[in-house]
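Here are my notes on the model you sent. Please read them alongside the coordinates.

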Amino acid sequence: MMLLPSLLCVLFILTAVESQMADSGRPTRQNTGDVAYRLSRLEVILVEKLDNIRNDLRDFSNRIQELELKFSDSQAVFEGFRGDLNRIYQQISTPSTQTQPPPPREPPSSGTSSQLEPRVENLAKGVQILIAATRGFTSDVFGLKKNVSLLLNDTRSVLAFAPQLATKQNLNSGLLEVQQRQVQSWSLNTCPKSDTATSNLPRNCREVFAVGQRKSGIYRIHPDPSSKPFMVVCDQETRGGGWTVIHNRYDGSHDFYQNWHEYKHGFGNLGGEFWLGLDYIHQLTGSDVSELLVELQDLDMASKSAYYSAFSVGPETEGFPLKVLGGYSGDAGDSLLYHAGS
C-alpha cells in the first residue's frame, strides 16, 4: 500500500532497496540469513555431541552395575569355596584324642577316597574359574576407568567452551541487531544531514522529495508535532515519487499474525518485511486526505494495482477506522470498499 503524500506497499520496492545496499558494500539480509543457518548448524552439532556424551555415561553406568553384580556373585562363590576348604582342612588336620597309639589300621577304603576327590577337584576348578573371573573383572574395571577418564576430559572441554557459545535466542537477537545497524547505516547515507530542530523535519515523503532527496531509501519524518519523529521508507520513483511505504510483504520471512499492540505500533524491519503501524499511519493521514496505492505481484511477476485518490485513517479512540476511502481505479479490484468507514 502507498499513499501520496503518505503510504505505499509495493512488493518489488524492497528488492531494489536491497540491491542498493549490496552495491554500497554493506552486508545484505541474505548474508545474515547465511550466518543464521551456520549458527543453527553449530547449535545442532553441539546438541548432538552432548547427547552422545550423555548416552556414553548412561552405558558406562549400566556396565559398572553389571560388573558390581558379577563381583558380588564371585565373592559369594569364593566365600563358599573357602568355607569348603576350611572344613576339609579341619577334617584332615584334627588331632586324635586317644592317648595310646591307635592300632594299625588298614588304608582308607576306596569309597572314602572316591568321596573326597570329586569335591577337591570341584573346589580346584571353582578356584580357577574365580581367579579368571577376577582377572577379567579387573581388566574391565581398568578399561572402564580409562574410558570414564577420557569422557570426563571431553565433558570438561565442552563445559568450558559452552559459556562462550551464544544461545539461539541470543543469536537471533544478534542478527536482529545487525539488521537494525544496516538500516541505521543506510539511513545515515540517505537522510538529509541537518542540525535543525525536529520541527523542521519533513512531514512525509512528498516533502522529502520536494527538498531534493530523489533517492528511494529510509528517511526521518515528523508528521505530528505532538509526537516523536520516526523512520519510514520513501519510494521516490513510483508514479513520480513522494510515496511513504506503510506495508511491505514479499517472501513470508516475517510473521504477520500479530496482536493488536503490534499492529498499533508496527513490527518487522524497514530493510525487509514490515508493517509501519496504525498509530504512524494515522499521524500521516489523520489531518490530511492522502492518496493510497496498493501494488501486488505474484510469483509469475504478474502485477496488479489499486489506486485511491482519497484515503485517511482515524485515531485510536475510534479504533483506527478507515474514515476516508474513495476515487478507486486500477485492475486489482476494489476490495477495501467493504471496510470503508469501519
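Which residue in β8 stands opposite Asn-248?

1. Asn-248 faces Phe-274 in β8. Strands β6 and β8 (residues 274–275) are antiparallel and joined by 2 bridges. Strands here are DSSP runs of E, at least two residues long, numbered from the N terminus. Two strands count as paired if DSSP finds at least two bridges between them.

2. This is a predicted model; local features need pLDDT of at least 70, side-chain atom pairs count only at pLDDT 80 or more, and totals for chains, interfaces and linings use all residues. Residues are numbered from 1 along each chain as its sequence is written, and side-chain values use heavy atoms, with hydrogens and water left out.

3. The order β6-β8-β7 describes an open sheet of 3 strands with antiparallel pairing. Its edge strands are β6 (247–248) and β7 (267–268), each pairing on one side only.

4. Strand β4 (residues 230–235) is largely enclosed by the rest of the structure, because 5 of its 6 residues are buried (under 20% relative accessible area, 1.4 Å probe, protein chains only). β4 pairs antiparallel with β3 (residues 217–221) over 5 bridges. It also pairs antiparallel with β5 (residues 243–245), over 3 bridges.

5. Cys-234 in β4 stands opposite Gly-217. In β5, the bridge partner of Cys-234 is Thr-244.

6. Mean pLDDT (the predictor's confidence in each residue, from 0 to 100) is 76 for the chain, and 70% of residues reach 70 or more. Residues 3–30 fall below 50, yet this stretch has 106 contacts beyond near neighbours in sequence (heavy atoms within 4.5 Å). Residues 192–196 are also below 50, with 3 such contacts. Where pLDDT is low, the predicted coordinates should not be read in detail.

Note on methods:
Helices (H or I, at least four residues) and strands (E, at least two) are DSSP runs, numbered from the N terminus. Buried means under 20% relative accessible area, exposed over 50%, partly exposed in between (1.4 Å probe, protein chains only).
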